[in-house]
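Let us walk through this structure together, starting from a single residue and widening the view step by step. Please keep the sequence and the 3D view at hand.

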Amino acid sequence: MARGKKKTVIDTAHPHTIKKFELIEEYIKSWSQKLVLYENCNTLVFIDCMCNCGVYFDDDGNLIDGTSVRVANALLNVARKYPCKMVQLYLNDINKEKVAGDGYPCRQMVHAFDRCARRLRGLAGQRLDLC
């Protein structure tokens with residue numbers, strides 16, 4: 001009887017997908033910095049409903065950050081630099097295993113964002129949720 005291949009929640013990202021991660025990350029960095037400068041912009045919201053577990057393997061087997069982790073890091077930097085602005089990041093995936101485990105990067109970003117929120121403003125303001 002043949003053994004089944006061990007299943008992992010971490011998918012492989014090919015070069016074109018990695019380029020997409022990089023482009024979205026740079027766009028979010030630029031977009032968020034512009035928006036927070038507007039007086040009437042009080043909240044930045046980013047929703048990723050296909051966040052996967054937050055990381056991928058590249059074709060060489062190296063672990064790389066996906067869109068959700070890159071965007072969360074970029075917005076976490078904005079939240080630290082502009083504590084008077086609210087930042088909301090919602091992460092979800094159709095596969096609950098990819099967002100449910102505490103060891104997965106999406107869940108780790110929730111904890112990092114929540115720690116930053118408590119430190120900057122008590123419990124009010126920023127929020128990072130997994131739907």
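V78 lies in helix α2; helices here are DSSP runs of H or I with at least four residues, strands are runs of E with at least two, and both are numbered from the N terminus. The model is predicted, so local features need pLDDT of at least 70 and side-chain atom pairs count only at pLDDT 80 or more, while totals for chains, interfaces and linings use all residues. Residues are numbered from 1 along each chain as its sequence is written, and side-chain values use heavy atoms, with hydrogens and water left out.

Is V78 buried or exposed? Its relative accessibility is 1%, so V78 counts as buried (under 20% relative accessible area; exposed is over 50% and partly exposed lies in between, with a 1.4 Å probe and protein chains only). Leaving aside neighbours within four places in sequence, V78 is in contact with S32, Q33, V36 and L44, where contact means heavy atoms within 4.5 Å. From K29, V78 is 49 residues away in sequence, yet the two are 8.5 Å apart in space, C-alpha to C-alpha.

Now look at the helices themselves. The axes of α1 (residues 15-35) and α2 (residues 67-81) come within 9 Å and cross at roughly 20°; axes are lines fitted to C-alpha atoms over the stretch in contact, and angles run from 0 to 180 degrees between N-to-C directions. That makes α1 roughly parallel to α2, a label for angles under 35 degrees. Among the residues that make the contact are F21, I24, I28 and K29 of α1, and V71, L75 and V78 of α2.

Which residues have the most contacts inside the largest nonpolar core? They are I28, L44, F46, V71, L75 and L89, in a core of 17 residues. Such a core is a set of buried Ala, Val, Leu, Ile, Met, Phe, Trp, Tyr and Cys residues joined through side-chain atoms within 4.5 Å. Helix α2 gives the most to this core, with six residues. In soluble globular proteins, nonpolar side chains tend to be buried together. With neighbours within four places in sequence set aside, F46 is in contact with I28, V71, L75, Q88, L89 and Y90.

Finally, step back to the whole chain. It holds four helices and five strands, running α-β-β-β-α-β-α-α-β from the N terminus on. Buried residues make up 41% of its 131 residues.

Notes. Angles under 35 degrees count as roughly parallel, over 145 as roughly antiparallel, 65 to 115 as roughly perpendicular and the rest as oblique.
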